[in-house]
Amino acid sequence: MTVRHVRPEEHDALAALTVAAYRALLGPEMDAGYTAELADVAGRAALADVLVAVDGEGRIEGGVTYIPGPGPMAWFDGADEAGVRMLAVAPTAQGRGVGAHLVADCVARACAAGKARLLLHTTAPMTAAHRLYQRAGFRRDPGRDEMIGGDLLLLAYVLDLDIDG
Ligand SMILES: CC(C)(COP(=O)(O)OP(=O)(O)OC[C@H]1O[C@@H](n2cnc3c(N)ncnc32)[C@H](O)[C@@H]1OP(=O)(O)O)[C@@H](O)C(=O)NCCC(=O)NCCS
């Protein structure tokens with residue numbers, strides 16, 4: 001499996017995969033606005049690093065957006081911080097380590113850039129993601145939790161990076 005930047009001709013496939021992965025988990029909780037945001041691969045590729053995991057035959061198995069620092073897609077403002085958003089693995093490819101590879105690639109990018117912390121938000125139903133983040137060394141950081149739309153709690157996770165090591 002290779003992790004690399006998404007190519008323009010792959011935007012539609014990654015959009016469909018991302019919506020399918022989230023819909024399989026969230027079902028009717030996914031409103032039209034959130035679905036459109038998940039599907040806007042071109043929009044986020046213009047602002048951040050959209051990465052895909054590709055199998056040996058060139059099929060996209062998953063994707064993630066790495067946010068290299070403060071800017072349009074970031075919810076944080078520390079110059080020594082980077083972020084992860086929209087991690088998704090095709091329902092048919094889950095449980096084989098694809099998600100872990102995508103997160104590991106983001107961690108490697110943050111380390112290479114000398115970042116002190118890698119940040120992300122998740123929600124309560126995303127329990128497979130919580131286990132993945134904990135295995136990767138992330139810890140919960142309730143002080144960075146956010147409430148959106150009046151009733152959706154975003155759970156913050158942080159990975160402290162060994163910038164000296
Ligand atoms: C969260 C998500 C990205 C995980 O992707 P994934 O590729 O299935 O993740 P992994 O394969 O690395 O880990 C998932 C499970 O497979 C297991 N696994 C990993 N490699 C394995 C292997 N080679 N053989 C068997 N099992 C394996 C892991 O132990 C893990 O088990 P657990 O969840 O019971 O702890 C995926 O479930 C998804 O797209 N969910 C919907 C969207 C979402 O929640 N995104 C997170 C936003 S914050």
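A polar contact is a pair of N or O atoms within 3.5 Å; within protein, one must be able to donate a hydrogen and the other to accept it, and residues adjacent in sequence count only if both atoms are side-chain atoms. This is a predicted model, in which local features need pLDDT of at least 70 and side-chain atom pairs count only at pLDDT 80 or more, while totals for chains, interfaces and linings use all residues. Residues are numbered from 1 along each chain as its sequence is written, and side-chain values use heavy atoms, without hydrogens and water.

| Residue | Protein atom | Distance to ligand oxygen |
|---|---|---|
| Val98 | backbone N or O | 3.5 Å |
| Arg131 | polar side-chain atom | 3.0 Å |
| Arg135 | side-chain N or O | 2.7 Å |

The protein buries 71% of the 940 Å² that the ligand exposes when taken alone (Shrake-Rupley method, 1.4 Å probe).

The shell around the ligand holds 21 residues, with Leu87, Gly95, Gly97, Gly99 and Arg135 the closest (a residue is near if one of its heavy atoms lies within 4 Å). Of the shell residues, 12 are nonpolar, 6 polar and 3 charged; Gly counts as polar. Helix 5 gives the most, with 5 residues. Among the other elements giving two or more are helix 1 (11-26) and strand 4 (81-89); helices are DSSP runs of H or I with at least four residues, strands runs of E with at least two.

Helix 1 also holds Tyr22, which is paired with Tyr34 in helix 2 (residues 32-39), 12 residues apart.
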